[in-house]
Amino acid sequence: MSSTTSQKFRDFTGEPLKDKHINEIPGLGPKLASNLEESGISKAYELLGIYLTLLKNKDYFELWIRDNAGANRHQAKQCADAIDSFCSQFL
């Protein structure tokens, strides 16, 4: 990615997920992470599973994040870009 990516983005996409918490995903801060935790999603790999279930369609995933976490467009795009980049590198 370009040098304009955030450190959080580079940290997230630079290594395997292991047990990363969802607030380690770019675009998701404490409030959005809390919203997802209320739905039973607390790990990054669980969110990755949703992305894969949506057939790696970033547009659908962004809508899902907006609807289920309360993210705005920018936050949803950051999250989708990070998940997509992770998939490109590790899957």
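A polar contact is a pair of N or O atoms within 3.5 Å. The model shown in these close-ups is predicted.

**View 1. Lysine 20 reaches backbone oxygens with its side chain.** Lysine 20 sits in the loop between H1 and H2. Is this lysine buried or exposed? Its relative accessibility is 7%, so lysine 20 counts as buried. The side chain of lysine 20 comes to 3.1 Å from the backbone oxygen of aspartate 11. A polar atom of that side chain also lies 3.2 Å from the backbone oxygen of phenylalanine 12. Which residues does lysine 20 contact, leaving aside neighbours within four places in sequence? They are Asp11, Phe12, Glu15, Ser42, Lys43 and Ala44.

**View 2. Lysine 18 has a positive phi.** Lysine 18 is placed in the loop between H1 and H2. Lysine 20 belongs to the loop between H1 and H2 as well. Phi of lysine 18 is near 50 degrees, although the residue is not a glycine. Lysine 18 is exposed, with a relative accessible area of 68%. Lysine 20, in contrast, counts as buried.

**View 3. Helix H2 has a buried side and an exposed face.** Leu32, Ala33, Asn35 and Leu36 are the buried residues here. Why do they fall on the same side of H2? They cover an arc of only 155 degrees around the axis, and this puts them on the same side. In general, an α-helix has 3.6 residues a turn, so residues three or four places apart point the same way. The cover over the buried residues of H2 includes H3, H4 and H5. Pro30, Lys31 and Glu38 are exposed, on the face turned away from the buried side. After H2 comes glycine 40, with a positive phi near 95 degrees.

**View 4. Asparagine 35 reaches a backbone oxygen with its side chain.** Asparagine 35 is part of helix H2. Its relative accessible area is 18%, and asparagine 35 is buried. The cut-off for buried is under 20%. Which backbone oxygen does the side chain of asparagine 35 reach? It is that of alanine 69, at 2.6 Å. Beyond neighbours within four places in sequence, asparagine 35 is in contact with Asn68, Ala69 and Gly70.

View 5. Just after H3, leucine 55 takes a positive phi of about 60 degrees.

**View 6. Helices H3 and H5 cross.** Two packed helices are described by the angle between their axes and the distance between the axes. For H3 and H5, the angle is about 85 degrees and the axes are 11 Å apart. H3 is therefore roughly perpendicular to H5. On the H3 side, the contact is made by Leu47, Leu48, Tyr51 and Leu52. On the H5 side, Cys79, Ile83, Asp84, Phe86 and Cys87 take part. How many residues of this contact are nonpolar, polar or charged? Eight are nonpolar, none is polar and one is charged.

View 7. Cysteine 87 is located in helix H5. With a relative accessible area of 2%, cysteine 87 is buried.

**View 8. Lysine 56 has a positive phi.** Lysine 56 is in the loop between H3 and H4. Its phi is near 55 degrees, a positive value in a residue other than glycine. Lysine 56 has 42% relative accessibility and counts as partly exposed. How many residues in sequence lie between the positions of lysine 56 and aspartate 84, counted as their spacing? They are 28 residues apart in sequence. In space they are 7.3 Å apart, C-alpha to C-alpha.

Methods: Residues numbered from 1 in each chain as written. Predicted model: local features only at pLDDT ≥ 70, side-chain atom pairs only at ≥ 80, totals over all residues. Heavy atoms only, no water. Helix = DSSP H or I, 4+ residues; strand = E, 2+ residues; numbered from the N terminus. Buried < 20%, exposed > 50% of the residue type's maximum accessible area, 1.4 Å probe, protein only. Polar contact = N/O pair within 3.5 Å; in protein donor to acceptor, adjacent residues only side chain to side chain. Contact = heavy atoms within 4.5 Å. Axes fitted to C-alpha atoms, helices over the stretch in contact; angles between N-to-C directions. Parallel < 35°, antiparallel > 145°, perpendicular 65-115°, else oblique. Nonpolar A, V, L, I, M, F, W, Y, C, P; charged D, E, K, R; others polar. Arc of directions from axis to C-beta.
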